[in-house]
Amino acid sequence: MSVVTYSLPRLPYALDALEPSISKQIMELHYHKHHQTYVTNLNKALEISAKAGSEGKLHDAAAQLSAIRFNGGGHINHSLFWEGLAPPSSQESKLDAAPKLAKAIKATWGSFDKFKEVFGAALLGIQGSGWGWLVKEAVTGQLRIVTLANQEAVVIGDTPLFGVDMWEHAYYLQYLNGKAAYVENIWKVINWKTAEARFAGSRDQAFNILKASM
């Protein structure tokens with residue numbers, strides 16, 4: 001019985017490279033502890049499900065679906081999130097690195113500032129834990145802002161361009177209950193070069209980071 005297993009993707013920057021927007025302490029906990037837990041639990045659930053399936057125990061295999069969805073979503077979301085960030089001093093963190101996407105944002109929302117305002121409001125409107133994403137719609141190719149609860153992932157149709165983690169573990173040690181400050185500062189470390197590549201590329205290409213962690 002061969003079961004695909006996943007591991008943490010390699011970060012393309014040092015743990016302190018996103019400071020002051022995201023502290024080294026948060027990165028250490030978020031990446032090494034929280035993301036690793038999703039990966040560990042995903043691999044466990046996949047193994048149990050595969051074994052049960054091979055033994056004809058559909059009921060036991062089906063019992064793992066919620067764990068696979070939750071932890072798989074956690075691994076997908078965080079893998080895309082890390083790749084979608086860049087040090088604030090880098091060229092990748094400048095909007096100029098995404099000329100085609102910037103043009104589409106302006107066409108959709110009128111200005112980049114308006115887009116930031118709408119996206120920020122969506123993030124701060126999330127009740128409990130969740131994520132906010134800028135996506136490219138599957139059929140129309142239009143841009144849309146979506147929010148998803150817990151570890152639901154953008155896995156049906158749309159292409160995720162970049163996302164913002166609104167779970168407390170993503171910001172609380174640094175910002176406490178100042179979510180608005182976290183949302184404001186996250187813009188300084190968005191990797192616009194990656195967002196541009198996802199916008200121009202195929203949906204499957206946007207998820208290539210997952211193959212690299214297999």
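**Notebook: a predicted model, looked up feature by feature**

I began with Asn150, which lies in the loop between β2 and β3 (159-165). I worked throughout from a predicted model.

**Entry 1. Two residues with positive phi**

I looked up the backbone of Asn150 and found phi near 55°, a positive value in a residue other than glycine.

**Entry 2. A cis peptide bond**

I noted a cis peptide bond between Glu19 and Pro20, with omega at about 5°. Pro20 belongs to the segment before α1.

**Entry 3. The chain as a whole**

I recorded 10 helices and three strands in the protein chain. Read from the N terminus, the order of elements is α-α-α-α-α-β-β-β-α-α-α-α-α.

I looked up the extent of the C-alpha trace, which spans about 55 × 40 × 30 Å along its principal axes. Which radius of gyration would a compact globule of 214 residues have? It would be near 17 Å, and the protein chain has 18 Å, which agrees. Of the 214 residues, 46% are buried. Among contacts with a separation of 6 or more, 73% are between residues 24 or more positions apart.

**Entry 4. The largest pocket**

I found about 360 Å³ of space in the largest pocket. Its lining has 19 residues, and those nearest the centre are Ile76, Glu152, Ala153, Val154 and Val155.

Which element supplies the largest share of the lining? I found that α3 does, with six residues. At least two lining residues each come from α1 (24-54), α3 (65-83) and β2 (143-149). By class, the lining divides into 12 nonpolar, three polar and four charged residues.

**Entry 5. Helix α8**

I examined the N-terminal end of α8, which is capped by Asn191. A side-chain oxygen of Asn191 lies 3.1 Å from the backbone nitrogen of Lys193.

I then listed the buried residues of helix α8 (residues 192-200): Trp192, Thr194, Ala195, Glu196, Arg198 and Phe199. As a reminder for reading such a list, an α-helix has 3.6 residues a turn, so residues three or four places apart point the same way.

How values were computed:
Residues are numbered from 1 along each chain as its sequence is written. This is a predicted model: local features need pLDDT of at least 70, side-chain atom pairs count only at pLDDT 80 or more; totals for chains, interfaces and linings use all residues. Side-chain values use heavy atoms; hydrogens and water are left out. On a 1 Å grid over the protein atoms alone, a cavity is a set of points where a 1.4 Å probe fits but cannot get out, and a pocket is an open set with protein on both sides within 12 Å along at least five of seven lines; lining residues have an atom within 4 Å of a point. Grid points are joined across faces, edges and corners, and a volume is the space filled by probe spheres set on the points. Helices (H or I, at least four residues) and strands (E, at least two) are DSSP runs, numbered from the N terminus. Ala, Val, Leu, Ile, Met, Phe, Trp, Tyr, Cys and Pro count as nonpolar, Asp, Glu, Lys and Arg as charged, and the others, Gly among them, as polar. Buried means under 20% relative accessible area, exposed over 50%, partly exposed in between (1.4 Å probe, protein chains only). A polar contact is a pair of N or O atoms within 3.5 Å; within protein, one must be able to donate a hydrogen and the other to accept it, and residues adjacent in sequence count only if both atoms are side-chain atoms. The radius of gyration is taken over C-alpha atoms; the globule rule is 2.2 Å times the number of residues to the power 0.38. Contact means heavy atoms within 4.5 Å.
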